[in-house]
Amino acid sequence: MMQKIKSNKDIQIINGNQAAALAVKLCRVQVISAYPVTPQSPLSEALSRFVESGEMTTEYIAVESEHSALTVLNAASLVGARTFTATGSHGLAYMHELLHWTSGARLPVVMACVNRAIGAPWCIPSDEQDSVSQRDTGWVQIYTRNNQEILDTIIQAYKVAESMYVPVMVCFDGFVLSHTNMPVEIPRQADVDGFLPHYKPHTIIDPATPRIYNSVTLPDPRFEIPDIPHRGYMELRQLLHEALENAKQKIEDVDKEFAQVFGRSYGGMVWEYCLDDAEIALVTMGSLSMEATVAVDNLRAQGYKVGMLSVRVFRPFPRKEVIKLLKKVNLAVVFEKNISYGYEGAVCSELKASLYDSDAKARVFGCIVGLGGRDVKARELQGVIKKAASVKRYKRTQEDGPQWISYL
Amino acid sequence: MDKLPMKENALSLPEKEYLLPGNRSCAGCGLSLAYRYILKALEGRAVITVTASCLTVLQGMYPLASVNVPSINTPFASVAAGASGLVAGLRSLGRDDLTVVGFAGDGGTSDIGIQSLSGAAARQTDFLYICYDNEGYMNTGTQHSSSTPFGAITTTTPIKGKRYFPKDMPKIMEAHNLPYIFTASSSFPIDLYQKVSKCRNIRGTKYGHVHIPCPPGWSFPTSKAVKIGKLAVETGMVVLYEIENGVLRLTSRSKQLAKNGNLKLLDEYISHQIRFAKLTGSDKQRIQDWINQRWQQYLARDIS
């Protein structure tokens, strides 16, 4: 007979969408706005249920498009509310214009991106083309590997966003996580309340001190108006960039602080697996990292010195961390579920750029896998690594571009 | 019976100015006139959200502003969604001290913004939406919009003039079962003031469609902006009315015109504007027929 484990922990068997919804509830989000898109829909349905049942006292605005959803949140955030939306794929693409407005106005909106392939042609399962395509919109992007991390990262995301005044996108793979049940420990409300202070806005909506936001801004600072902030557009952009760069330390700090309160940590910017003595590193992002750890275990059992580096935060990119962790590695093989058409996968490019002129001399080699939700098996990853390890000097050159793990 | 409070006149309006002198609108701009009266009617107890439009320019360049009410710029397609967000944000913080007002031009309303406007109105979001209709994309250089009149020359109808009639936005908004819809003109500011004042005491979505003469876009002398706006009403090109819970009343000059049966002929309005210079005789007849048909529909509905 199975013995019942006695624990005062609240552990539930839930999917990624449910984990995200519970995180939003625990964070006492004040305004939610969303538009349905598969595989995000159950998340907005769960939030609707929380609001209609009175479990959350939240304004839920069910809008007519993702473009409107993020506009609603930008305005609500300007007023001073804590805000949340969830989308993915075509919905995220439709938000593109507003993504720039959120970050440009320095609003700490938090979004769940339930990653899904993007058309044409229509494709429902998961890859990371949607969020990777939004790389340059000024949002922090965190890729999570399992349902516990989804829940915990959304809580962390508000703390990062609201202290740095930058928006945060918490990405998780559609279906693989959004619709897959796993045990998840639900934090206590009191602990989350203690961890996450009330949002202190940098904006004021008050007729007594009327201010105008997002107005037309000149390229140059207006030095002729010395008494009030008068920066040019370019300076505002530089400040946004610096905020993203500075968010790296904040992400590390928040992850450590989270560990102290909740007993779980995710490595901050990156997480590594068996990298200490590794000669070859598998580099991945999102839930694929879990499959990569299986490949690492199998390869280790066969005598290969391999490890894994998972890019948890894609923006800001963990330059310093990847240089440090790949210093002893001879070869880094990037497996990623996105492609910058005509060049290579985005993570591969970022990795090469980070290592260039650094102490880490690892060769970098990119593989495109799992587009449109094509299943990626550990043995496929192992096959690539074994082939790479079998030749003394791996023949593949920069000019060859990425290797596609496909049937073409 | 006209239910609008009739006590106001140009001298009795609040003296406080919310639209400050020295703004960046063009000479003779009807918008600065209308905006001045709208803000007076709101007595500063408002938060404004504005889409990309002439009003964005009018309100000033960072870090200066020509208005002294809180105001938020939002992208072109989304002013009503921005208003929804302001309403939700204020409610979530327990604030009920401000009227939320969304402003967009006719392009931002009838073309790119109609989706978010329809959504916000369907939800009966508690806000006032004002479309200021200068009959084209004037801020980007006089391209035609869904609201440009038939036959008007614009930079995107440069030779033949626009070949179809404008969308009837108030009619589209009426299909959303709104508690209050009005039309107004910058040339009849007291009528506009009274209608905006009335909106402050009505819950739900209020839609106002304000006709705004545009000297550079329509090609007429800046000194004639008020006159052109008046002639638009007096010829029936623009009709002043309010629709309260489905009941239509003509107001102001349109009400007088209905009573006296003395609409002016179209030529009096179009002859002042170079944009109508290429109208043929049959074009003019089509517009006159369009005016007459609409006018009869308003007369049939009017209970003033």
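Visitor: What makes you say that domain 1 of chain A is in contact with domain 2 of chain A?
Guide: 23 residues of domain 1 of chain A are in contact with 19 residues of domain 2 of chain A; contact means C-beta atoms, placed from the backbone, within 7 Å. This is a predicted model, in which local features need pLDDT of at least 70 and side-chain atom pairs 80 or more, while totals for chains, interfaces and linings use all residues. Residues are numbered from 1 along each chain as its sequence is written, with chains lettered from A and ligands numbered from 1 in the order written.

Visitor: Which elements of domain 1 of chain A supply the side that touches domain 2 of chain A?
Guide: α6 (129-132), β6 and β7 of chain A give at least two residues each (helices are DSSP runs of H or I, at least four residues, strands are runs of E, at least two, both numbered from the N terminus). β6(A) has the largest share, 4 residues. That side of domain 1 of chain A divides into 13 nonpolar, 5 polar and 5 charged residues.

Visitor: Where do domain 1 and domain 2 of chain A run?
Guide: Domain 1 covers 10-195 and domain 2 covers 270-404 of chain A, bounds that come from an automatic or database domain assignment. Their C-alpha centres lie 28 Å apart.

Visitor: What makes β6 (residues 140-143) and β7 (residues 168-173) of chain A a pair?
Guide: Pairing takes at least two bridges found by DSSP, and β6(A) and β7(A) have 4, in the parallel sense. A:Gln141 stands opposite A:Met169 in β7(A).

Visitor: How many residues of chain A are in contact with chain B?
Guide: 39 residues of chain A meet 39 residues of chain B. α3(A) gives the most to the chain A side, 10 residues. By type, that side splits into 22 nonpolar, 11 polar and 6 charged residues.

Visitor: What makes β9(A) and β2(B) partners?
Guide: They share 2 bridges in the parallel sense, so they just meet the requirement of at least two. A:Ile212 stands opposite B:Ser71 in β2(B). Both strands belong to an open sheet of 9 strands, ordered β9(A)-β2(B)-β1(B)-β3(B)-β4(B)-β6(B)-β5(B)-β7(B)-β8(B), with mixed pairing. β9 (212-213) of chain A and β8 (247-250) of chain B are at the edges, each with a single partner strand, so each has one side without a neighbour.

Visitor: How many bridges join β3 (residues 99-105) to β4 (residues 127-133) in chain B?
Guide: 5 bridges join them, and the two strands run parallel. B:Phe103 has B:Ile130 in β4(B) as its bridge partner.

Terms used:
Two residues are in contact if their C-beta atoms, placed from the backbone, lie within 7 Å. Ala, Val, Leu, Ile, Met, Phe, Trp, Tyr, Cys and Pro count as nonpolar, Asp, Glu, Lys and Arg as charged, and the others, Gly among them, as polar.
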